[in-house]
Amino acid sequence: MWSRRSRRFYLGLPPFGFYFQGFKPFPSRREYLDMLEEYKKDLEEELKEVEREIEEAKKDKPDKT
């Protein structure tokens with residue numbers, strides 16, 4: 001909704017410059033690829049851990065169903 005403050009009309013949004021104060025730029029392509037590689041490595045480690053837990057659960061006790 002339109003408002004009037006100090007002779008300026010606006011839509012209830014902060015001034016344009018507000019969004020760029022302390023704005024963190026996007027990472028470079030190299031930084032982004034490094035972040036993805038690190039994330040992939042973390043996921044692979046977690047997957048190995050889950051696979052070990054599954055194998056241990058299969059070895060411990062057979063299900064009585």
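R30 and D34 both belong to helix α1, where they sit 4 residues apart, about one turn of the helix. Helices (H or I, at least four residues) and strands (E, at least two) are DSSP runs, numbered from the N terminus. This is a predicted model, in which local features need pLDDT of at least 70 and side-chain atom pairs count only at pLDDT 80 or more, while totals for chains, interfaces and linings use all residues. Residues are numbered from 1 along each chain as its sequence is written, and side-chain values use heavy atoms, with hydrogens and water left out.

The side chains of R30 and D34 form a salt bridge at 2.8 Å, N to O, where the term stands for a side-chain nitrogen of Lys or Arg within 4 Å of a carboxyl oxygen of Asp or Glu. The structure holds 1 salt bridge.

| Residue | Relative accessible area | Class |
|---|---|---|
| R30 | 53% | exposed |
| D34 | 39% | partly exposed |
| Y32 | 44% | partly exposed |

Y32 lies in helix α1, which spans residues 29-60, and together with L33, M35 and L36 it forms a nonpolar patch on the surface, with about 370 Å² of accessible area in total.

For the protein as a whole, the elements run β-β-α from the N terminus on, and of its 65 residues 0% count as buried.

Terms used. Buried < 20%, exposed > 50% of the residue type's maximum accessible area, 1.4 Å probe, protein only. Patch = residues over 30% accessible without salt bridge, like charges linked within 9 Å, V, L, I, M, F, W, Y side chains within 5 Å. Areas by Shrake-Rupley, 256 points an atom, 1.4 Å probe, with all protein chains shown as cover.
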